[in-house]
Protein chains: 2
Amino acid sequence: MLGVNEEQALAVDLGGTHIRVAVVTASGQLSHRRDIATDAPDGPDAVIDRMARLIGEGAAEAGLGDDVPVGVASPGPLDTRTGVVLFTPNLPGWRDVPLVDKLATATRRRVALANDGNCGALGEVRFGAAKGVDDLVYIALGTGIGGGIVTGGHLIDGLRGMAGEVGHVVVAMDGPRCTCGAIGCLESFASGWAIRREAELVSRTADGEGILRAAAGGPLHAGVVAAAARAGDAAALQILGRAGRALGAAMGAFANIFNPKSIVIGGGVAHLGELLLEPARAAMASYSFVDVRRDLTISYSALGDDTGLYGAGALALAQFPRP
Amino acid sequence: MLGVNEEQALAVDLGGTHIRVAVVTASGQLSHRRDIATDAPDGPDAVIDRMARLIGEGAAEAGLGDDVPVGVASPGPLDTRTGVVLFTPNLPGWRDVPLVDKLATATRRRVALANDGNCGALGEVRFGAAKGVDDLVYIALGTGIGGGIVTGGHLIDGLRGMAGEVGHVVVAMDGPRCTCGAIGCLESFASGWAIRREAELVSRTADGEGILRAAAGGPLHAGVVAAAARAGDAAALQILGRAGRALGAAMGAFANIFNPKSIVIGGGVAHLGELLLEPARAAMASYSFVDVRRDLTISYSALGDDTGLYGAGALALAQFPRP
């Protein structure tokens with residue numbers, strides 16, 4: 001059970017559709033959960049008010065003092081040095097929002113901010129699949145691809161806290177345009193939207209029969225492609241094989257750059273499992289030194305949908321340690 | 001002048017053709033230089049004996065006590081945790097050589113070891129073009145491409161000290177095979193050998209006239225291609241443009257991953273200057289977020305041929321600080 005003196009934090013997972021709040025303890029207990037709709041179209045101030053209200057409710061219910069800090073996992077890019085969210089495609093109207101200042105004022109608490117991918121990396125090394133690991137690359141495969149990197153026990157955040165964009169590294173300098181505007185990013189091959197794009201293209205051809213059958217009249221998405229692939233459909237297997245190969249190429253680059261102990265794959269698209277990871281692991285050998293692969297573990301996130309909450313908690317506990 | 005109490009280190013730059021030794025002070029003075037042929041075919045023990053002799057001579061000449069440590073910049077890959085050079089293409093017979101143990105025994109000094117690229121990064125932030133910078137990507141463009149990364153003021157060395165291989169990151173997942181065995185590495189586009197390979201191929205065609213003229217009957221290499229490009233030769237400009245574009249793609253990926261303050265370009269091929277950097281800078285905008293480029297400085301190494309010595313000195317000073 002929770003020790004009376006155990007350090008705690010209030011964790012906020014700010015998403016495009018939901019705001020989630022919970023109390024996280026230093027030993028990884030998650031309690032007093034709250035979850036409401038973000039209603040992002042109402043704009044930043046309304047969303048920040050909702051966050052503050054949820055934090056207040058959770059803190060009151062858990063009987064937390066004013067000294068318990070808040071950690072926020074937010075979509076990015078954001079500037080952790082100033083606590084400003086620069087913009088985020090999933091939250092309309094969010095441009096240069098001083099989230100830390102506003103939330104600190106509204107809650108009268110210390111507030112730590114990082115993007116959800118970086119929080120995820122912190123959560124994995126503190127509570128998750130890479131517990132105790134000093135050198136981690138965390139890749140969150142969702143509709144987009146985010147992530148974060150821990151090296152020598154420290155999160156890489158860079159000059160303004162914008163580091164760790166593992167989805168936006170080139171894997172094909174003459175590849176397709178990414179939604180970020182750049183060319184040939186990992187995300188433009190292995191994300192949910194990239195897999196859907198390929199499925200839509202192939203569904204217009206005779207090769208797309210198996211995928212259309214799996215969709216059963218519904219919309220195409222990565223899960224549909226996975227279902228078709230499991231039924232042995234060649235086009236679906238080819239789409240996931242290509243996505244996996246791009247993922248493996250990036251993982252190989254990360255292995256050579258970071259010599260990590262662990263690569264953890266999280267996010268919704270990670271549910272495709274070995275359909276994506278098997279070709280990724282195979283490809284990785286063609287994109288990295290054998291010596292950096294020797295002690296490297298590749299695993300799935302153990303935190304699932306709570307990665308953001310665990311990560312936000314880990315962030316606050318790391319940034320505001322109790323004296 | 002050198003203060004009596006200033007901290008010092010013995011720096012060793014171990015190369016395929018030369019061993020260089022010098023005394024480096026904490027304020028960046030380099031003195032008591034020595035330089036002999038590596039004579040690598042004699043094997044590891046003979047080379048280590050030569051290193052130890054040069055260190056002894058330098059230390060005696062400078063009047064250094066036994067407590068002054070040694071830093072070695074070595075070709076890699078190597079395991080800095082155990083002090084073992086795993087293998088190195090330019091030093092025949094070097095496989096699993098316990099360099100730190102052997103050199104410590106021979107010199108009776110503390111010995112720090114890192115690969116030359118990682119040392120270069122340490123040298124640049126301590127003494128060079130990125131002095132005082134906490135977040136640096138250093139890219140050494142030579143026959144091959146090495147480098148190192150400093151983030152939050154710390155060198156990224158990873159689980160076994162093999163991190164920082166910035167030349168061996170994918171830029172084209174379906175690109176050419178690299179000498180490391182992997183596919184589409186930055187090195188297979190922008191290194192000295194890659195530029196020479198392109199020059200040799202184009203020299204067999206009618207487009208190769210300008211390059212052959214610049215070679216004047218001598219061997220083809222990056223300098224020849226640069227000379228032809230300066231004379232306006234289209235094929236030479238195309239070769240360097242492509243190499244620069246690959247470099248820019250990798251620099252963009254590094255900007256998104258590390259959000260660095262500084263990217264420093266060193267190594268012999270850096271002498272091609274803007275012929276390579278101009279297309280690299282232009283391409284970088286297509287491979288990175290505008291926000292991470294805003295405060296980023298791209299510059300040339302200020303340490304030149306002494307990068308290895310400065311870096312080895314910085315390594316020893318960091319690893320063995322005077323109490």
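Predicted model: local features only at pLDDT ≥ 70, side-chain atom pairs only at ≥ 80, totals over all residues.
1. **How the chains are related.** Two copies of a chain are related by a rotation about an axis and a shift along it. Here a rotation of 180° with 0.0 Å of shift superposes chain B on chain A, at an RMSD of 0.0 Å. That is the relation of a two-fold axis. In chain B, A172(B) has the C-alpha nearest the axis, 2.1 Å from it. Both copies use the same surface: 100% of the contact residues of chain B recur in chain A.

2. **The interface.** Chain B puts 47 residues in contact with 47 residues of chain A. The size of an interface is often given as the accessible area lost when the parts come together. For chain B and chain A the buried area is about 3900 Å², and 63% of it is on carbon and sulfur atoms. Three residues stand out on the chain B side. L159(B), M173(B) and I257(B) supply 19% of the area that chain B buries against chain A, more than any other three residues.

3. **The largest cavity.** How many cavities of 30 Å³ or more does the model hold? The count is two. The largest holds about 70 Å³ of space. Its lining comes from both chains, with V169(A), V170(A), V169(B) and V170(B) among the residues. I257(B), named above for its part in the buried area, also lines this cavity. The elements that each give two or more residues to the lining are α8 (234-258) of chain A and α8 (234-258) of chain B. α8(B) gives the most, with four residues. What classes of residue make up the lining? There are eleven nonpolar residues, no polar and no charged.

4. **The second largest cavity.** About 50 Å³ of space lies here. The lining is F189(B), A194(B), I195(B), E198(B), Q238(B), I239(B), R242(B) and A243(B). The lining has five nonpolar, one polar and two charged residues.

5. **Helix α7 of chain A.** An α-helix has 3.6 residues a turn, so residues three or four places apart point the same way. In α7(A), residues 222-230, the buried positions are A222(A), V224(A), V225(A), A226(A), A228(A) and A229(A). Their cover includes α5 (192-203), α6 (209-215), α8 and α9 (274-284) of chain A. Just after α7(A), G232(A) takes a positive phi of about 90°.

6. Most residues other than glycine have a negative phi, and most peptide bonds are trans. A216(A) has a positive phi, near 50°, and is not a glycine. A216(A) lies in the loop between α6 and α7 of chain A. A216(B) also has a positive phi, of about 50°. A216(B) sits between α6 (209-215) and α7 (222-230) of chain B, in the loop. Is A216(A) buried or exposed? A216(A) counts as exposed because its relative accessibility is 67%, over the 50% cut-off. A216(B) is likewise exposed, at 67%. In chain A the bond runs from G76(A) to P77(A), with omega near 0°. P77(A) is in the loop between β4 (70-74) and β5 (78-79) of chain A. In chain B the cis bond runs from G76(B) to P77(B), again with omega near 0°. P77(B) is found in the loop between β4 and β5 of chain B.

7. **P75(B) and T88(B).** P75(B) is in the loop between β4 (70-74) and β5 (78-79) of chain B. P75(B) is buried, with a relative accessible area of 9%. Beyond its sequence neighbours, P75(B) touches L14(B), V85(B), T88(B), L91(B) and D116(B). T88(B) lies in another loop, between β6 (84-87) and β7 (95-97) of chain B. T88(B) is buried too, at 5% relative accessible area. Leaving aside neighbours within four places in sequence, T88(B) is in contact with P75(B), G76(B) and W94(B). G76(B) is the residue from which the cis bond to P77(B) runs.

8. **G304(A).** This glycine is in the loop between β13 (297-300) and α11 (307-319) of chain A. G304(A) is partly exposed, with a relative accessible area of 47%. G304(A) and G266(A) are 38 residues apart in sequence, and their C-alpha atoms are 7.1 Å apart in space.

Terms used:
Residues numbered from 1 in each chain as written. Chains lettered and ligands numbered in written order. Heavy atoms only, no water. Least-squares fit on C-alpha atoms with pLDDT ≥ 70 in both. Contact = heavy atoms within 4.5 Å. Buried < 20%, exposed > 50% of the residue type's maximum accessible area, 1.4 Å probe, protein only. 1 Å grid on protein atoms, 1.4 Å probe; cavity = no way out; pocket = protein on both sides within 12 Å on 5 of 7 lines; lining within 4 Å. Points joined across faces, edges and corners; volume = space filled by probe spheres on them. Nonpolar A, V, L, I, M, F, W, Y, C, P; charged D, E, K, R; others polar. Buried area = accessible area lost by both parts, 1.4 Å probe.
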